[in-house]
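Please keep the sequence and the structure in view while reading.

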Amino acid sequence: MAPHAIPARSKRPFNRRLLLFRGGNCWNADELTVLAFGRPLPMTELEQRLFDELESLVLIDPHTHINPHAPASRTLADILGYHYYTELAHSAGMPKPYIAEAGIGPKERVGRLVEALGNLDNTTQVSWLLEICREFFGFDGVAIASQNWEALYDRSVAKMAEPDWAEQVLAKSRLEKVFLTNEFDDPLEGFDTNRYVPCLRTDDLVFHFEKPETRVRLSKSVSIELEGVATLREAIGRLFTRFTSRGARACAISLPPWFSPHKVSPADAENCVEDAISGAPLTAEQSVLLSRWIFWTLAEFCADHKLPFDLMIGVNRRVYENGVYQGQDLFDMRVSLIQYKDLFNAFPQVTFPISVLGHTSNQELVSYAWIFPNVVTHGHWWYSNIPTYIEFDTRARLEAVPRNKQIGYYSDMYKLEFALPKFRMYRRVLAKVLANDFVVGRGWSETQVVDLGRQILRGNVERIFKI
Amino acid sequence: MAPHAIPARSKRPFNRRLLLFRGGNCWNADELTVLAFGRPLPMTELEQRLFDELESLVLIDPHTHINPHAPASRTLADILGYHYYTELAHSAGMPKPYIAEAGIGPKERVGRLVEALGNLDNTTQVSWLLEICREFFGFDGVAIASQNWEALYDRSVAKMAEPDWAEQVLAKSRLEKVFLTNEFDDPLEGFDTNRYVPCLRTDDLVFHFEKPETRVRLSKSVSIELEGVATLREAIGRLFTRFTSRGARACAISLPPWFSPHKVSPADAENCVEDAISGAPLTAEQSVLLSRWIFWTLAEFCADHKLPFDLMIGVNRRVYENGVYQGQDLFDMRVSLIQYKDLFNAFPQVTFPISVLGHTSNQELVSYAWIFPNVVTHGHWWYSNIPTYIEFDTRARLEAVPRNKQIGYYSDMYKLEFALPKFRMYRRVLAKVLANDFVVGRGWSETQVVDLGRQILRGNVERIFKI
Amino acid sequence: MAPHAIPARSKRPFNRRLLLFRGGNCWNADELTVLAFGRPLPMTELEQRLFDELESLVLIDPHTHINPHAPASRTLADILGYHYYTELAHSAGMPKPYIAEAGIGPKERVGRLVEALGNLDNTTQVSWLLEICREFFGFDGVAIASQNWEALYDRSVAKMAEPDWAEQVLAKSRLEKVFLTNEFDDPLEGFDTNRYVPCLRTDDLVFHFEKPETRVRLSKSVSIELEGVATLREAIGRLFTRFTSRGARACAISLPPWFSPHKVSPADAENCVEDAISGAPLTAEQSVLLSRWIFWTLAEFCADHKLPFDLMIGVNRRVYENGVYQGQDLFDMRVSLIQYKDLFNAFPQVTFPISVLGHTSNQELVSYAWIFPNVVTHGHWWYSNIPTYIEFDTRARLEAVPRNKQIGYYSDMYKLEFALPKFRMYRRVLAKVLANDFVVGRGWSETQVVDLGRQILRGNVERIFKI
């Protein structure tokens, strides 16, 4: 009997349930690992139990960029083509033409990106990739590299070719519904809107209405000739009607740091809208007023249609002009929710699930959600979506925002395979925070904290988006 | 003998001193809890000892909003009426009219607010409430809810009716003195200024001098007819004389993010002050100059009277216009202490205990206190007063600010009962930081760290406020 | 047999390797310390192994202010004269004249500063001092104080008088090369440029070209009469030629928060440069354009000479006007890397190792380094150079920035003795992060994480600065 032996590191670090006996008492591997390392694992037995409970929840993903006509990947090129990998590969030194070359096949594209992974293996993003390959394609290597990627590629292609692949991914990821982000002129046809929930994305309307193609798209999609404020409002109204009739559950927009919504006077609105429709070049001030008027009108229709309005605050587009596709946007931390004061006051009946791009904005988000009944915390967005920031931000939210006003996480994914590793990352962090701050720190029972986790991961999504 | 048995979770988590024997060596429950959970409790044996030492200190609370004529609560309505609960209840969905309805009795008000607690039980603020009810009213439930609040209410009313209730609370909270925040026209009479230390609050003077009622109050309180700069300066001087003669120990003000104090030219000052006194509407620029001149004059009198000038930097008032009473204020993180450069340079003889509303401002506060002899760190204010931010900010302060320039904490309370849970929250965090960063991380002895804690919690308050 | 006995705290906390036996299994002191304290030491056995590996690395310090003609200290006055101690002593209450009095000898100066240490012993900066005295001068006290400083002083003077003292310090600190920060008119002669690597500091050129002495220094150092844009460009070009011919490996500059580099039109450039050279007072706008033009020209020469351009972003000079020497600078957290958008886009061929003064700027740095191929994270600067901020910032960088784009640390030292404690502080934090986030959290092997640490501490310095 050697009960004190330190167990070999198990392959799957999240299922250490081996029980050992010591002097008649029950000990498990975790405890011995604590002894072995002299520092506890981040994922302790308590966390493990909480994590397992959170993992068992079937979820609704309240924000993604899934194409419902091709929700899952067909090859690893769809996965490695995610901007997180192309932009990091480019950042680490791979020339854009090599990454983005037209005409090469998916296998060659994957082979090229694999060359960059050695410089990226420290990143959380690559840990998602490994988890995808392990969970979905049986990959068991330490790293994806020159000597093993081809076998992985071939195996994964076969797997992804299975006719029910998307459903397999959803089942394995325990996802029941997936919110989309549909362009305003999306016909919303040919897919199951119960599974893939439409959501009206409005960036182009608010920030690119001056472009003729935006106006043409709008006009066409709602069969209205735009002439001025009245017709534009009617056109927008028809979008809402169409979207809600197809089961849309939210209106959404991403916003630059400089934007601050305010009500625009009717005269100013008419002036800007008419000039824009006429194709006349707008002054900088007119452009801002135009954006404000369209934005405010969207909020009014959200009120009418009882749709939450997802605000994703803080992104500057095309900062790195020669970056790869979708790898050009950054931010300016000098943004404040005070810019949204008028909006929050004017629309008490509209719920605003808010994402902030900067970790430094999280305390404002916590405080505004603590005070404004219509402000809700919404996930961990983009540059804040790494464990260090998620943990700190989650702890503050759980300490100061009413529990019914927190939407824990969304994946923001383009392909279904990413939900599993991204939600799992969040669930790990949440289990850790619930274990330390609530069970241990405040004496909550495990049942209580699992209830809290369930509400944040699932219950609030259902209630806030009226599912 | 079953020395390895994991002890049941003790009721009072901060007194796990049960000693067990194992192989002839002494082990305590904490150590076994470590083994049991595979992760140490936040409050370890070492932390526990440090916490106990910090808990034993008798303190002076250097910033509160206590009314010395009614310092303690009379019913739970006084406690649950604290804006932290009304604003959170409202934020979680309770209509303002239901919360704030006039004419209902205290018991009904409590009953209504209890309905909201289920949505708020995750918050630190509600953990203070529970701790108050446990410590002062013998509450032993897991949560205050529909089935138990009435008994608690009745029991607590009886307790609070005891004639020496305020003194009981002070004794149990180990509070020796409590700083007030008195309006400038407070007569400062009818209470023990040794126990309840006056402090001159100057928000109205600096930011609302344009309101006729402010000028009337000032004129009346010092028996001076305001005519211009000279008489206004004399009036302010008399306030300082009256306050210091009644034992005032600080001048205090809360400041919006946009404010930046600078010396104003005599001509500008005369112009603004005279216009304001005449009741003429001021331009925006004049308003700013007026605020600056009054603020600067206050600093001059602080120098003359050797009073510290507490600056509470960063609050925007009335951001949520329809919020409940005192639940309308928020902030803009885009503020910098560089705005106070002129002030810190001009008044080297005045000590400025500084509170920042935003956690993101803490590094500036640390750095300015590290460089400027007259800048002192002061507590953890409002939206930064939750354990996640307190811990991070405390660690940085202890690593970079001279130990004689840190005032650890103040309660900011409106009723005496809140000092106990708020200071205890701080003491827990401080014990953890001292244990980890100093005893374990840097090899300090327990005596050394308790000395450091005592200085930050008590010694510096005495020295800086000259008590 | 008492294998469970808790070992006495070892004197050197980073070498706890005592092995004990328990039931036939091997246990070490760390594990028992865990048991003893009920909370693991920050430096566990795993961390200890990683720390030891990181400590064994021989490094290149990529940014210092060493004077190569007097690299090491001659007395403790050189060490205690470091602005970190004089400014903290002053901040804690010591009058500037007492600290900075001319004509007193080094021993008296040390004696005076020692009087302040009691108020500063909590700071990380004083922990460096203690570590220097322990490692280099055999100090074994708990604190440097009135009763022991003289013996320490005398012992240290003897040690520092040894002819090879600088080489001893470098060897003990495992430093192979040290980057300098040379004024543009430094002749770069009389020292081993292989050991002390030149680096062109350009603050004066960009921000003080309007001062006649700057222009005289420039003119003289490159033997060119300045007349306008053409001659100024030629002069700057000669600086680059001279510096690179002497082995310079970087151009460097510290930048105020308000600065934003942009390309200046030739007409504007000619106008500003000529006015400046003529000695005509420049308008505020001209001053900015002048700074921008010179800065942009430096970037062009960095491209031509393939030199990295170190940007140290965010310092406001002379904020505390009466502060001690080098103890007057602070910052304004309201700065964004978006200000550098044009620069990063215009110079893809130039590598920009970037330091940010504010911890709140770290997420932007992480994100810009994640997107822009030419942006590299560079150390932990000044007010961010304390363990609390280093740990948080390091974790985020390791989670999101490609591993080949992170330069872990530089000492910023003025005297060689500071490299050891500063790099050791960083190595401790890095070992902790690698242990927790990578070995334990993500299952990396120790070999893998040590490779990562080596790349960040040494490999990237070699590659990025082309050594």
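## Salt bridges and interfaces

C:Glu131 has a relative accessible area of 13% and is therefore buried, where buried means under 20% relative accessible area, exposed over 50%, and partly exposed in between (1.4 Å probe, protein chains only). The structure is a predicted model, in which local features need pLDDT of at least 70, side-chain atom pairs count only at pLDDT 80 or more, and totals for chains, interfaces and linings use all residues. Residues are numbered from 1 along each chain as its sequence is written, chains are lettered from A and ligands numbered from 1 in the order in which they are written, and side-chain values use heavy atoms, with hydrogens and water left out.

**Salt bridges within a chain**

The partner of C:Glu131 is C:Arg424, with which C:Glu131 forms a salt bridge whose closest N and O atoms are 2.7 Å apart. A salt bridge is a side-chain nitrogen of Lys or Arg within 4 Å of a carboxyl oxygen of Asp or Glu. This pair links distant parts of the chain: C:Glu131 lies in helix H7 (residues 124-137) of chain C and C:Arg424 in helix H18 (residues 419-442) of chain C, 293 residues apart. Helices (H or I, at least four residues) and strands (E, at least two) are DSSP runs, numbered from the N terminus. C:Arg424 is also buried, at 5% relative accessible area.

How many salt bridges does the whole structure hold over all chains? The search finds 90. In chain A, a network of salt bridges links A:Glu55, A:Glu131, A:Glu135, A:Lys172, A:Arg174, A:Arg424, A:Arg427 and A:Arg428.

In chain B, the side chains of B:Glu176 and B:Arg458 meet in a salt bridge, at 3.0 Å from N to O. B:Glu176 lies in strand E4 (residues 175-179) of chain B and B:Arg458 in helix H19 (residues 446-464) of chain B, so the pair ties together parts that are 282 residues apart in sequence. B:Glu176 counts as partly exposed, at 30% relative accessibility, whereas B:Arg458 counts as buried, at 15%.

A further salt bridge joins the side chains of A:Asp329 and A:Arg317, at 2.7 Å from N to O. Both residues are in the loop between strand E9 (315-316) and strand E10 (330-331) of chain A, twelve residues apart.

**Cysteines**

A disulfide is a covalent bond between the sulfur atoms of two cysteines. Here the rule requires a pair of cysteine sulfur atoms within 2.5 Å, and the count comes to zero disulfides over all chains. A:Cys251 is in no disulfide, and the nearest cysteine sulfur, that of A:Cys302, is 4.1 Å away. A:Cys251 is buried, with a relative accessible area of 0%. A:Cys133 is buried as well, at 1%.

**The arrangement of the chains**

A rotation of 120 degrees with 0.0 Å of shift along its axis superposes chain B on chain A, with an RMSD of 0.0 Å. That is the relation of a three-fold axis. The superposition is by least squares on the C-alpha atoms of residues with pLDDT of at least 70 in both copies. The copies use different surfaces, since 17% of the contact residues of chain B recur in chain A; contact means heavy atoms within 4.5 Å.

**The interfaces of chain B**

The size of an interface is often given as the accessible area lost when the parts come together. Buried area is this loss (1.4 Å probe) on putting two parts together, summed over both.

| Interface | Buried area | Share from carbon and sulfur atoms |
|---|---|---|
| Chain B and chain C | about 4,600 Å² | 57% |
| Chain B and chain A | about 4,600 Å² | 58% |

Between chain B and chain C, 58 residues of chain B are in contact with 54 residues of chain C. Across this interface the rule finds one salt bridge. C:Asp121 forms a salt bridge with B:Arg403, the closest N and O atoms being 2.9 Å apart. Helix H16 (362-371) is among the elements of chain B that each supply at least two residues to the side touching chain C. H16(B) gives the most to that side, with eight residues.

Between chain B and chain A, 54 residues of chain B are in contact with 57 residues of chain A. The count here is one salt bridge. The side chains of A:Arg403 and B:Asp121 meet in a salt bridge, at 2.9 Å from N to O.
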